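Subject: Structure handover

Hello,

I am passing on the structure below, followed by notes on what was found in it. Please read the notes with the structure open.

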Amino acid sequence: SVAKTVLIADDSASMRLSVRLLLEGRHTELVVREAVDGADAIEKAKKSRPDLILLDLAMPRLNGAEVATILKEDMPETPVILFTITDLVADSLCAAIGIEFISKADGVSKLLERVDALLPPDTGIANLARNS
C-alpha cells in the first residue's frame with residue numbers, strides 16, 4: 001500500500017508533536033510532515049502533495065484560513081482541516097473557504113475521528129502480518 005502523507009502546520013512544537021504521535025500510533029504507514037507557520041505550510045504542501053492537511057488557525061506569516069484559501073485553489077481535491085482553539089468566526093470562515101473545522105476544545109479524539117474517516121486506518125490483516 002502507498003503510504004499516506006499528512007502535513008501538520010502549527011507554530012506550537014508541542015502541538016505538532018502530540019498530533020503526530022497520535023496519528024502515527026493509529027496509522028502505521030503514515031508519513032507525517034510538519035510546518036512551523038503558514039508560509040512554510042504552503043511551501044511544504046506544494047512540494048509533498050499530502051493526502052491531508054491539518055492547519056492551526058493562528059500562525060505567523062499567514063494564518064490557517066489564508067493558507068487554506070491558497071491551497072484550496074492549488075489542490076482542491078486535498079482535504080484540509082482547520083484545527084484551532086474555539087473561535088466564533090472559525091465555523092463561518094471554514095464554511096466560506098469550503099474546509100472542515102475542528103475545535104481544539106472538542107479535543108483530539110474528534111480530530112482523530114475525522115482523520116480516520118478521511119484516511120482509513122490499516123486493516124487488521126496488515127497489522128497481524130506485521131506483528132507475527
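Buried here means under 20% relative accessible area, exposed means over 50%, and partly exposed lies in between (1.4 Å probe, protein chains only). At 0% relative accessibility, L111 therefore counts as buried.

Some ground rules come next. This is a predicted model, in which local features need pLDDT of at least 70 and side-chain atom pairs count only at pLDDT 80 or more, while totals for chains, interfaces and linings use all residues. Residues are numbered from 1 along each chain as its sequence is written, and side-chain values use heavy atoms, with hydrogens and water left out.

The pLDDT, the predictor's confidence in each residue from 0 to 100, averages 81 over the chain, and 80% of the residues score at least 70. Helix 2 (residues 38-48) has the highest confidence, at a mean of 95, and helix 6 (residues 124-131) the lowest, at 51. Where pLDDT is low, the predicted coordinates should not be read in detail.

Six helices and five strands make up the secondary structure of the chain; these are DSSP runs numbered from the N terminus, with helices (H or I) of at least four residues and strands (E) of at least two. Along the sequence the pattern is β-α-β-α-β-α-β-α-β-α-α. Strand 1 (residues 5-9) and strand 2 (residues 31-35) run parallel and are joined by five bridges; two strands pair if DSSP finds at least two bridges between them. From strand 1 the chain passes through helix 1 (residues 13-26) to strand 2 in a right-handed β-α-β crossover, that is, clockwise over the helix with the strands pointing away from the viewer.

Of the 132 residues, 40% count as buried.

Leaving aside neighbours within four places in sequence, L111 is in contact with V19, L54, I81, F83 and I102, where contact means heavy atoms within 4.5 Å. L111 and L23 are 88 residues apart in sequence and 9.8 Å apart in space, C-alpha to C-alpha.

Regards
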